[in-house]
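Dear colleague,

Please find below the structure that I am handing over to you. A summary of the findings follows it.

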Amino acid sequence: MAMFAWWGRVVVRARWAVLAAAAALVVVGSTWGAGVFGELTGGGFEDPASESSRTAQRVTAELGRQGADVIVLWSSDSATVDQPAFRDPVTRTVAGLRERSAVTSVTTWYDSPAPALVATDRRATYALIRLAGADDDARAEQFEALRPALDAPGLRTEVGGTVAFQHYANTQTTEDITRAETLSMPVLLVLLVLIFGGLVAATTPLLIGGLAILGAFVAVRLVNLVTDVSIFAINIITLIGLGMAVDYALFVVSRFREELAAGHDTGAAIRRTMATAGRTVLVSGLTVALALASLLIFPQAFLRSMGLGGVAAVLVAMLAALTVLPALLAVLGHRIDAVRVPLPWRRRARRGGPAAADAGGAWARIARSVMRRPVRYLVGVAVLLAVLATPFLRITFGGFDERVLPADAAPRVVAERIADEFPGGQVAPIDVLVSGAPADAARGLADRIAAVPGVTGVQVAAQRGGSTLLSVSYPGEPTGDVAQRVVRDLRDLPVPAGAELLVGGRPGADRDLLDSLGDRLPWMALLMAGATLLLLFLAFGSVVLPVKAVLMNLVSIGASFGVMVWIFQDGHLAGPLGFTPTGFIEPSNPILMLAVLFGLATDYEVFLLSRAREEWDRTGDNTGAVAAGLQHTGRIITAAALLLIIVVAGFTTGGMSYIKLIGVGMIVAIVVDATLVRALLVPATMRLLGRWNWWAPGPLARVYRRYGLRETDSEGPAAARAARQRENASVAE
């Protein structure tokens, strides 16, 4: 306690300096920090060391850039591609494009009449455009300036391709974030007023939430000066930054008001709040940040950026709750309850008094009811969660495609029309680079590739010296089983002596993504579990509770994953949620959700167990400690969960289906964790474990007594300490 009580005194003395620093951060964050939107990169879904990435690099180095950056689809309801009404606007548009320095090549049916470039009804054709930019971001900037010049007068123009997809996804992501914040903030304020019963107290979590987001923007922009960060980091900054800040502020403000109600002055209330709730926020923040930091082990910039953004948001939210918030509370003092809103249930609670609430409050009654019949509750909840998790057993993984976009998004429309209306309909062939072999040897290898089961055609796409690029077609989707099997078979083909065969393209990239994620997933799980076990041991002095916490986290996450598969893979609720089911789940989404949900579940576990440990230190009564812990934190956990659901719900209204998936999965996990797990499963298991909850072997117990992050300044009354020592000794025997 000494350290955090000291910190409480420091913040009270330096409250105006702390608030001035916070104001400066707001200014910097809302100006320079907000400029992060224009600095971050797009894409980042590939492993730079994978075979597909090496294939793309080698193709560019040996043969020059291949493939199209932009696909422009022109169509007419009446004219065919042969008629002047169609041909003339297209040729004039193409001639203008070729004069632009940003365009290196344009391929059309009018220049090289390939059948694949004309629709079967001859009322549509598309052009393949290659841009001059050195990287994806440069080409995206060029595309934005070039887009108006792609329209052909009198024809319907739709633009797709990789660069158009990236541009649309980035734009949609920004719009989704703005919409989510616009929808969630007013609802959050109303709910906070209902929770706190006063307008002043209700605004403090939102202030800390805004500070967390702006501070994370500054942190990520600083990181971006050193290494590339993906635009998708912004999603998790808004989601986690606002959610965690509201959680922590709710916990700190509730404890501060409780200490004021107990008769302490403002300074003492802040010191006691920091010594209890402050420690809880520290443990929770570090645990959530380390869970998100496990994403940094993946080579994909997308996941690493999500990890960086999440860690920045959580740490800024935690630091704001431990510095700016107590400084603000020191200024407000009892004015934290100003501008009260009359609520009938709060008047009834005040008439009962805190002692009555502790002894017989609703949450304590729930806990005691569970602990009177722990086996019955344990079995019932376990069966229900198992039913929810069952669909996860048949999860199917596949790479993302244009269907993650809204149905009317131009890049998706282009891809679907080419697949449906044009002969071949293949916009994502498998790229096979044969390097170090003469042209005749490459042709012989092409004949062997054509004989591979599932291959429907092989064409020479480019040839220079000893390098040949083969374009391999296949039936079905790039993410389908046939395409993945063909990729594996091609990589197993023997090659002539001295030659090298590399397989890439979108199907190869999908295969490499699955392999890369699968290789690192066990290490991610080990990092998350290890960090959680260590921090929870230091917080609660037990080796049992941390293990139980990890298992409880997996239970709630498993239920969420099962619902995710049932909805997004199987297609249930596709209409109301507004997405297109693909029959598979993009594998990086569950990994991202695992990190986020593991951190959030641990957050709620820390809230509950911190108060239970405090009561255990005070009384030595396990059943009473669990009941009192749930009574003190049940309302806060439920309120925090409801507020976080409001934050997440805004993301389910967005246009990107993978953002919807993360939002829905998080809502399910939060509901399950805050109700079934924390209110029922945790009390039942803690009742069955009894004194084992608080057990640690002698050497570790000494480590905890010396270095532990205990909630209180002592271990409780002497009788309680002696009782626990006897219990620990008997358990050890």
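**Findings**

Phe251 is buried, as its relative accessible area is 7%, below the 20% cut-off. Please note that the model is a predicted one. Phe607 also counts as buried, at 0% relative accessibility.

As for the protein as a whole, its secondary structure consists of 25 helices and 8 strands. The radius of gyration is 30 Å, which agrees with the value near 27 Å that a compact globule of 733 residues would have. Along the principal axes, the C-alpha atoms fill a box of roughly 90 × 55 × 45 Å. Of the 733 residues, 56% are buried. Among contacts with a separation of 6 or more, 80% are between residues 24 or more positions apart. The protein exposes about 28800 Å², and 62% of this is supplied by carbon and sulfur atoms.

Turning to the aromatic residues, the structure holds 9 aromatic pairs. One of them is edge-to-face, because the rings of Tyr126 and Phe422 have their planes at 65 degrees, with centres 5.1 Å apart. Tyr126 belongs to strand β3 (residues 124–131), while Phe422 is in the loop between α15 (410–421) and β5 (430–435), 296 residues apart. Both Tyr126 and Phe422 are buried.

Phe251 and Phe607 form a stacked pair, because their ring planes are at 5 degrees and the ring centres are 4.3 Å apart. Phe251 lies in helix α8 (residues 233–261) and Phe607 in helix α21 (residues 588–619), so this pair ties together parts 356 residues apart in sequence.

With kind regards

Technical notes. Residues numbered from 1 in each chain as written. Predicted model: local features only at pLDDT ≥ 70, side-chain atom pairs only at ≥ 80, totals over all residues. Heavy atoms only, no water. Helix = DSSP H or I, 4+ residues; strand = E, 2+ residues; numbered from the N terminus. Rg over C-alpha atoms; globule rule 2.2 N^0.38 Å. Buried < 20%, exposed > 50% of the residue type's maximum accessible area, 1.4 Å probe, protein only. Contact = heavy atoms within 4.5 Å. Areas by Shrake-Rupley, 256 points an atom, 1.4 Å probe, with all protein chains shown as cover. Phe/Tyr/Trp six-rings, centres within 6.5 Å; stacked < 30°, edge-to-face > 60°.
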